[in-house]
Amino acid sequence: MTLLRLAPILTLAVMLGPVIAGLGGTLLPAIGIMPVLGSAEPGLGPVRDLLAWPGLPRAAGLSLFTGLASTALALTLTMLICAGWQGTRAFSWLERVLSPLLSVPHAAAAFGLAFLIAPSGWIARLIAPVAGWERPPDLLILQDPMGLSLIAGLVVKEMPFLLLMSLAALPALRPAETLVTARSLGHSRTGGWLRTVFPRLYPQLRLPLYAVLAFSMSVVDVAMILGPSTPPTLSVQVLRWMNDPDLAMRLRAAAGAVLQLLLTLGALGMWRLGELLVARAGRAWIETGARGPRDGLLRGVALLAGAVSAGAVVLGLAMLAVWSVAGFWGFPALWPSSLTAQGWTRSGAALAGPAVQTALIAGVSVGTALLLVIACLEAEDHLGLRPGRRALWLLYLPLLVPQIAFLPGLQVLALISGMDGTLGAVIAAHVVFVLPYVFLSLSDPWRRRDPRHARIARALGASPSRVFWRVSLPMMLRPVLTATAVGTAVSVGLFLPTLLLGAGRVPTLTTEAVALASGGSRRVVGVTALAQTAAAFLPFALALAIPALAWRNRKGMQHG
Amino acid sequence: MTFKAPPLIALALAASLGPVQAFAQTATQDTPQTPAQTGDRNTPDPADWPAVLAEAEGETVYWNAWGGSDSVNAFIDWIGDKAAEQGVTLEHVKLSDTAEAVSRVLAEKTAGRDSGGGIDLVWINGENFAAMKDEGLLFGPWAEELPNRALTNPSNAALTADFTVPTEGYESPWGMAQLVFFHDSARLAEPPRSMATLLAWAQANPGRFTYPQPPDFIGSTFLKQALIEFSPDMIALESPVDAADYEATTAPLWAFLDELTPQLWREGRAYPQSSARLIQLMADNEIDIGMEFNPNAASNAIANGQLPDSVRSYIHDGGTIGNASFVAIPFNANAKAGAMVVADILLSPEAQARMADPAVWGLGTVLDLEALSPEQKAPFDEIAFGPATLEPSEMGTPLPEPHPSWMVRLEEDWTSRYGVAE
């Protein structure tokens, strides 16, 4: 009883404690306090040093631009797809293709995309015979100074996430009914949807969108693969300073991390302002009552964008698969001149140990997150402890604070407590990031479940715990497994937390993939990225297969 | 509401949260605690080698070493087998950048962890060594007492000074590397063999040359190579940069780069992030010249199917920069004796011959072949060099590295001139 009452507090402590502690650990060096470097007096030295770095305006501007642009683009496309196609066969097809893409790790998707769109990439190789290229054109497609490839890479990964979030929120809004009304009043499908469904959907998407914005602005691995380097985005530059042999750079790095945090807050503020402007303009637009033009073209564009985005990731993964077994494969050959299993026998074998670690870390951290989340949700039911809007914000905090801003500080604290380099520290750090996603994917289905089943079971004399184990949990099997899959995908993809708290002694597929990828061989990149993708994808496959198997003789559960 | 908490859930919660909760609590404490590790503060003395061997028995050595190459990783695995024969377990902690290890030791020192540290041995040289030595992050001196150290030439300056910083027994050498260039002879028959001819060639073939973006190690080495070729004042380069006339010494370098940059791949608006990317760009026919810090890199890439077999290596007429790779022990290492044993294995003729074999890796040996017995020397004589590998005699005497402060200054200036656009 008391434990259940404590569950929400405990959950917040487990999640927020490390974030807050880590931020403190970053803030001190930023104002010059780092006794081990002989710097104990607070001062603005690091800040001045940061401001004097000539690349700062561009790096900060890039972070801001790529973050805002990719989030806005991903949102627009997702909404247009929903508006134009929800409820159609094409939509359920797209949904089926995009959803599994959620599990593709960002780095793997970025590598695949890079090989597709590079001037010597596969698309260029398709064009080469037609255009008569013997050499790849000297075009600045990847690493372009505007960060356009980086934006593309982020959009293809964020669209599935936003689509899934929309799909989770939509049923409660009963869009079909309002849409019928709107269309009977003469609105097009897209126009009607944007007028009647979108304004109600958006508030539910707001927090996930903020998380996407914060993530896109501070992402490190994708920015290193697709982003510019002269200068890179701020978060990549901060990581470089942290890794600089000149130890005094740590202070500048800390100041940069704080700036990244401020930048993220600023971008969130700008987004909020944009929301207000769009809302005002939208209201005026709706109130004119204009019926607008036909939406055929818009629907076509939306579907095409969705298909291209999904196609890019799928084709990119296929390319990685071919690279993983390729012998020499020069430009402009469409296929490798020979195939070899060397990549899998050499690097693949070395990945067995990290694969076990990855599974162990994901298993324990997701298990812990599930227990806490289910305990919180049960506490809601039994004790009426419903989280307010503010608590929901707290839940999102680990996703809104840039990783680069609090993980280095957290590393030092883990060292002080002697927990660094242990599996426990890595798992604890993973829980911080896994928990919000598990909560988000489980809370809605859990709250929406029909309370009458439990009531009947109680009336028949079952104890509360028996009701939980025999009625509530089995009926929630599908959402629990989905939450597990989401949590596992998050855990598998975590790079910085694993690296910094694991002291390099806790190798996972992701840390090995990055270490091996520094050698640059595309074959090795192909092998590790595929292994990483498989680790994230397997739970999704199981989440689909297990309920189908368990409920093969329960007709009422087959579509729940 | 009067429901009781489901007991099983409560139990499971309590059981699973133990460690996590403990973490959340300890993580917020900021007073240093005495580490509870089994670490020893004692300092094994390599002069008493049997004692070191006895102490090393049963220790686990965490060797932090760059993990980006299959062949290097396989060689380190093999060293692990040798260490196991002496009762030492070797764990290769794969880094994507050696600076990660420097960061880590620094973080440990920040946290007051003076023993039982997470790193026992680190593959290091140059800037990283200078930084760690300066900050007192290294254990030593120990390296000159290793039994196999006697097989090196004591007057070999490359082993006693690392980028001109005296090693003073704080790191033990294990491999010699030298900057080599490579070209695809099928596309480019006669490569430019100096920086001056490289510029002329790049002007005639725009977009076909690039170098890794400094501060990448190879990219910075390219800058230093150019600096040496244009300002052959080696005495200035040997001393810290503050003591020299920096502007005058580097002016020809910047003039060269100002002319070269618009002729580079992507007009110098983007740079590859590592030398490994150069190999890929060669294979993709995006560039015609690559560079590496391992004479055997091109042969390795051919054997791996990354480059066509028409690729050949070459060096510049005036010679190229070379330096030694070392291993060092952090001040708070947990298994110092075990780390010494591994460092000594690295210096053994068996390991050195294996390392020098292009079929395994192809890094140059640090041993003095004249000092070896005929049996010790035999495996070196059997090494077969690949068609794309220059034989040691063709490599000439490596040019010495400038003082590390030059590299720091060059990297900074390069970044503000070419690395931040505009």
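Modeller: Let's start with a term: helices (H or I, at least four residues) and strands (E, at least two) are DSSP runs, numbered from the N terminus. The model is predicted: local features need pLDDT of at least 70, side-chain atom pairs count only at pLDDT 80 or more, and totals for chains, interfaces and linings use all residues. Residues are numbered from 1 along each chain as its sequence is written, while chains are lettered from A and ligands numbered from 1 in the order in which they are written.

Biologist: Which residue just after α18(A) takes a positive phi?

Modeller: That is G418(A), with a phi of about 75 degrees. Helix α18 itself covers residues 403–416 of chain A.

Biologist: Which residues is S71(B) in contact with, leaving aside its neighbours within four places in sequence?

Modeller: Contact requires C-beta atoms within 7 Å. For S71(B), the partners are N300(B), V360(B) and W361(B). Across chain B, 56% of the 422 residues are buried, and the chain has 17 helices and ten strands.

Biologist: What makes a set of residues a nonpolar core?

Modeller: The members are buried Ala, Val, Leu, Ile, Met, Phe, Trp, Tyr and Cys residues, joined through C-beta atoms within 7 Å. The largest one here has 241 residues, and V373(A), V438(A) and V342(B) have the most contacts inside it. Helix α19 (residues 423–448) of chain A gives the most to this core, with 16 residues. Leaving aside neighbours within four places in sequence, V373(A) touches L435(A), V438(A), F439(A) and L442(A). Another core, of 50 residues, lies apart from the largest one, and L198(B) and L281(B) are among its members.

Biologist: How is chain A divided into domains?

Modeller: The bounds come from an automatic or database domain assignment. For chain A, it gives domain 1 (1–29 + 344–560) and domain 2 (53–323). Their C-alpha centres lie 24 Å apart. The contact takes 33 residues from domain 1 of chain A and 34 residues from domain 2 of chain A. On the domain 1 side, α25(A) gives the largest share, eleven residues.

Biologist: How many residues on the side of domain 1 of chain A that touches domain 2 of chain A are nonpolar, polar and charged?

Modeller: Ala, Val, Leu, Ile, Met, Phe, Trp, Tyr, Cys and Pro count as nonpolar, Asp, Glu, Lys and Arg as charged, and the others, Gly among them, as polar. By that rule, this side has 23 nonpolar, seven polar and three charged residues.

Biologist: Which domains does chain B have?

Modeller: Chain B has domain 1 (49–174 + 324–385) and domain 2 (180–320 + 400–418). The centres of these two domains of chain B, taken over C-alpha atoms, are 28 Å apart.

Terms used: Two residues are in contact if their C-beta atoms, placed from the backbone, lie within 7 Å. A residue is buried if 20 or more other C-beta atoms lie within 10 Å of its own, exposed if 12 or fewer, and partly exposed in between; C-beta atoms are placed from the backbone. The expected span of a helix is 1.5 Å times one less than its number of residues.
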